[in-house]
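Here are my notes on the assembly, point by point. Please read them with the structure open.

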Amino acid sequence: MTSHQFYLDELAQLVQGELIGQSKFKVAALASLEQAQAQDISFVNGEKYLQEAQASKAGVLIVTAALKDQLSHHQNFIVVDHPYLAFAILTHHFEDKVLKRGIEVTAQIADSAIIAENAYIGHYVVIGENCVVGDNTVIQSHVHLDHDVEVGKDCFIDSHVMITGKSKLANRVRIHSNTVIGGEGFGFAPYQGKWNRIVQLGSVQIGNDVRIGSNCSIDRGALDDTIIHDGVIIDNLVQIAHNVQIGENTAIAAKCGIAGSTVIGKNCVFAGAVGVVGHINIADNVTITGMSMVSKSISEAGSYSSGTGQFETNKWKRTVVRLRQLADVPLTKLVKQIDHMQAQIESIESTLKSRK
Amino acid sequence: MTSHQFYLDELAQLVQGELIGQSKFKVAALASLEQAQAQDISFVNGEKYLQEAQASKAGVLIVTAALKDQLSHHQNFIVVDHPYLAFAILTHHFEDKVLKRGIEVTAQIADSAIIAENAYIGHYVVIGENCVVGDNTVIQSHVHLDHDVEVGKDCFIDSHVMITGKSKLANRVRIHSNTVIGGEGFGFAPYQGKWNRIVQLGSVQIGNDVRIGSNCSIDRGALDDTIIHDGVIIDNLVQIAHNVQIGENTAIAAKCGIAGSTVIGKNCVFAGAVGVVGHINIADNVTITGMSMVSKSISEAGSYSSGTGQFETNKWKRTVVRLRQLADVPLTKLVKQIDHMQAQIESIESTLKSRK
Amino acid sequence: MTSHQFYLDELAQLVQGELIGQSKFKVAALASLEQAQAQDISFVNGEKYLQEAQASKAGVLIVTAALKDQLSHHQNFIVVDHPYLAFAILTHHFEDKVLKRGIEVTAQIADSAIIAENAYIGHYVVIGENCVVGDNTVIQSHVHLDHDVEVGKDCFIDSHVMITGKSKLANRVRIHSNTVIGGEGFGFAPYQGKWNRIVQLGSVQIGNDVRIGSNCSIDRGALDDTIIHDGVIIDNLVQIAHNVQIGENTAIAAKCGIAGSTVIGKNCVFAGAVGVVGHINIADNVTITGMSMVSKSISEAGSYSSGTGQFETNKWKRTVVRLRQLADVPLTKLVKQIDHMQAQIESIESTLKSRK
C-alpha cells in the first residue's frame, strides 16, 4: 500500500524489538493479517488473532514472545512486549509523507501575522491580523485563521478548517478537514418570547498533542475559555460547547456531544455518540459506553452506560408496551407483597395441616 | 478579555439600570464571577449564585434589587430586573468588532449578482448568477453562494458556508462556519432494488433574526420549500431535512435531527441530540429533553422525554437482562392478579378464623 | 417553481405512461398536491392521498389506473404503474441545469493531474499531484483533491468537499458540500497513559452511483480500505469510520454513525441517527429503525429496533424510577412464583370446601 521498502533489521531496530529470521528480508508494506502478501509485515494483537495469524501470508509478524511460540507457519518475526504499539510506530515510517514548506502565492496573509519560516501555508488560505503560525506547522488549502489566532509548532491543520474566536493552539496539534474551532457558543438570554444573543467573548485553548477529527465544532467560551488539555483525542463530528473543559489524555469518539460548561476529567474514554448534559463534572478515569446519555455528574472512576442494543422490532414493540405500563407498576412494593402473600399461604397451609 | 473600557455610569445607562456606587469607576472587562478581577463587571443570575457572588473579586455586579440586599462584600452595582438580559446586552458593547466593508479583490462575483455597496465580501468568496446580498451584510472568506441565492440586510455568513438551492435569507440572519443551506434533500424512489434520485426542486426560506450554528445541514425542499421562521435559533451539527417547517422563536440545540416534512410549532425548545421522525406535527410551546426520540405527533404544549441517564455499567447490564424479559411479562394483568390473590388469601383467613 | 415548460404528451412519453386528457396541455411545473396550480402536474402516491388529490388544483395528475377511477374532479392524467418513480424521473427534466464545462482560471491543478477535457473545475479548487478527474465530472468551488485521488466520470462534487487519503471514486458519484472523504481514521495505540497515533495507510473506495450528503466524514482505512459499494445512498452528517464496508444499494439516513471495521450487507435501510458499534457484521436486507443502537452482529434479514418514543416528561420520570429498580426484580421468576401461589390458593380453597 505504500512504496517504502525496509530491511527487516531496520524495522526491528525502529521498534526496539528482537529480530528472529532473515535480517535482510526486504519488507514492502505494512498490511493486515488478512490482506498481507509474502513481502509484507503484519502484527498479531493478542491470542484471539492466533488462528488468523497462522493463516496469514505475511512474510513477517510482529508478536510477543508468548505468541511467537504458538506460530509454527512463519519464519520471520519481530518480538516485542507490545505488538500494537510497535505497529503504531511503524505506520509513521510507511507513511507517504509530502514535505511541504513555504507559502503558496495565493495565500492571503495579514501584514501583522507572523508565520514561521519553515511553516507551510497552502493555496487560498486566509490568515487574519495578529495571527501566529509556528515552526514546521502545515496549514492546508482554504483554511481560515481569523484575527488573533495562534497555532504552535509542528501542527497539522487540514483543508477548510476555520479557527476563530482568538483561539490558541499549542504544539503538535492535528485538526482534520472542515472542523470549526472557536465558533460562537449557543448563548441567548430569553426575554419576552425572543432570544437575545449573548456575544461570546471567551476563547478556546487547545493543549499539546491534541487531535481533533473532521467536521467537529468546538465553540469559544462565553466569558471564560473552552479548554482542551494536552493529549486529548477527539474523533469526527463531535460537538464541544462553550466553556467545556476536557482533561488530559481523554478520548472522545465520533458523534459525541458535550453541552456547555461541563468539566471532564483526565484519561476518560467516551465511546461513540455519547451525549453529556451541561454544567456537570465527570471524574478522571471514567468510561462511557456508546450512545449513553450522561445526565448527572459522575464522581467515581468506573464504567457507565445507558441505552439498549437492538431487539427484533416486533419484540421491541411488545417491550415498549410494557415500558409504557411501568410507571404505574410499583415493582419494589409488589415484590414485598408477593413475599408476604407467600408467607400467608404457607401459614394457612400449616394451619390446615394441624387441623386435619 | 477585551480592550474596551467604560465608566460604570455608561454601562448602567446602556442597560437602563440603577447605578449604586462610584459612577466613574472604570470597567475593564465583562467576566464570570469566578474569573473576574477588581476592574471587571460580572452578573448574578439568581439566588443560587449568591455565595459565588460574595466570593467574587468583581469590581461591579449586575443584580436585582433583592439580590443586592444580600451582597455585603461589594460596593458597586447595577440594579436591573433581569441581570442575565443586561449581561447579554453588555456583551455587544465589549465585543471586538472588526468593521468590514467592500469586496476583496479575490472574490469571484457573477455579473448578474447584486451586492449592496456597504456589504463585505471576503477573500475567495464565490457568488453565482442572480444572487443578491443586502446592506451591511458580512460574507466571510470561502463562502459559496450558488446561483439565485438571496441574502438580506445585516446578515453574517461565516467562512466556508455553502448556500445553494436558490435559498432566500431575510434580514439579520447569522450562519456560522461550514454550514450548508439548500443542499439536495435525501429523496429517492426505490424501484427494482435501486434508488432513483429525485432531483429536489424546492428551496429554503429563512426568516429574520434566524441564527444557525456551524456544520449544520439544512436541505432544500423536494417540491415545496423548507421553511425556518423568524427568530429561530439553531446550534451546531444540526440536520434539518427537506420540507421541514420550524415555527417562530423555536430553539434547537446541537446535534438535533429533524426528518423530512415535519412541522414544528412556535416557541419550542429542543435540547441536544433530539431526533424527530418525518411527517409529524409538533405543537407550539413544546419542550423536548436531551437525546429524546420523537416518534409521534405532539398536539399539546408541555415537556416530553425519552432515554435514561447513565447507570453504573454492571447494574445497567442486569437492567437490560430484565428489559429483554419484559415483553413476556404482562405487568398490568399481574398487578390485578396479585390484588385478586390477596383478596382470596384474606377470605381464606377469615374463613379459617370463623371455623376456629 | 421552474421555468421549464412541457406539453402533456411529452411528459407522458418521458415516463412511458398512458395519457388521458388534452395531449397539448401546457405544463408549467411539477408541484405537490397541496401547492399545485392549474398549470402544474402532481402525483398521487397511493390511496391515502386520494382525498388530497381530489382537492388539488393540479392540472394533471400522475396516477395508477386504480387511482384514476376514483378521481372524478380531474381531467388530465398520466397513468403509470409506479407514480412515485414517474415523478422521480420527471424531476430530472424540470431541474434548472447549469451546464458547466472547463477549468476556472483560479483553479490550482498540479502538473501531474489528469483532468478530462469536458470536466468542470470550479473557482479556487485545488487538485494535487497524480489526481484524475473523469469525463463530465463537475467539481464545484473550493474543493480540495489531495494527491493521488481519483474521481470517475459523470460525478458531482459540491463545494468545500475534501477528498484525501488516495481515495478512489467510480462513476456517477455525487458528494454534497463540506463532506470529507479519506480523512485519517481514529486509530491510536494506548501506552503508558498516552495515545500513540497510528498513521492510517489504507484508502477509501467508492463504487458507482454512490450518493453522499453534506457534512459527512468517511475515513480512510488503517491498512485495508474503507469500501462503499455501488448504489449506496448516504444522507447528511453521517460518520463512516475506518475499514467499514457497506454493501450495494444500502441506504443510510442522516446522522448515523458506523464504527470501525463493521461490515454491512446489501439492500439494508438504516433510519436516522442509528449507531452501530465496530467490528460486527450485519446481514443483507436488514432494516434498523431510527435512533437504534446496534451493539451485536445481525445474521438474519429483518427489522431491528431500540429506544423508545417520547413520553410526557412527568410520566417518563416515574418510568425511569421503575427502570432503576428493575435490575433487582427477577421478573421471570416472579411470574412463575405468582402462578405457583395461585395454584396453592386454589388448592387451599378446594380443601376448605371439602371440609365444610
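1. Chain C and chain A bury about 6700 Å² between them, with 62% of that on carbon and sulfur atoms. Buried area here is the accessible area (1.4 Å probe) that two parts lose on being put together, summed over both. C:Phe186, C:Leu223 and C:Met293 supply 11% of the area that chain C buries against chain A, more than any other three residues.

2. Some conventions. This is a predicted model, in which local features need pLDDT of at least 70, side-chain atom pairs count only at pLDDT 80 or more, and totals for chains, interfaces and linings use all residues. Residues are numbered from 1 along each chain as its sequence is written, chains are lettered from A and ligands numbered from 1 in the order in which they are written, and side-chain values use heavy atoms, with hydrogens and water left out.

3. Contacts between chains C and A come next. In contact (heavy atoms within 4.5 Å) are 83 residues of chain C and 82 residues of chain A. The polar count across this interface is 41 residue pairs, both residues at pLDDT 80 or more. A polar contact is a pair of N or O atoms within 3.5 Å; within protein, one must be able to donate a hydrogen and the other to accept it, and residues adjacent in sequence count only if both atoms are side-chain atoms.

4. Which elements of chain C touch chain A? Those supplying at least two residues each include strand S22 (188-191), strand S39 (302-305), helix H5 (313-326) and helix H6 (331-355) of chain C. H6(C) gives the most, with 10 residues. Helices (H or I, at least four residues) and strands (E, at least two) are DSSP runs, numbered from the N terminus. By class, this side of chain C has 38 nonpolar, 32 polar and 13 charged residues. Ala, Val, Leu, Ile, Met, Phe, Trp, Tyr, Cys and Pro count as nonpolar, Asp, Glu, Lys and Arg as charged, and the others, Gly among them, as polar.

5. Now the salt bridges. The rule is a side-chain nitrogen of Lys or Arg within 4 Å of a carboxyl oxygen of Asp or Glu. Chain C and chain A have three between them. One joins C:Arg318 and A:Asp328 at 3.0 Å, N to O.

6. Chain B against chain A: about 6700 Å² is buried, 62% of it on carbon and sulfur atoms. Here 82 residues of chain B are in contact with 83 residues of chain A. The salt-bridge count is three. B:Glu95 pairs with A:Arg197, the closest N and O atoms being 3.9 Å apart. A:Lys166 and B:Asp96 meet at 2.3 Å, N to O. That pair runs from the loop between strand S18 (162-163) and strand S19 (168-169) of chain A to the loop between H4 and strand S8 (102-103) of chain B.

7. Symmetry. A rotation of 120° with 0.0 Å of shift along its axis superposes chain B on chain A, RMSD 0.1 Å. The two copies are thus related as by a three-fold rotation axis. For chain C on chain A, the rotation is 120°, the shift 0.0 Å and the RMSD 0.1 Å. Superposition is by least squares on the C-alpha atoms of residues with pLDDT of at least 70 in both copies.
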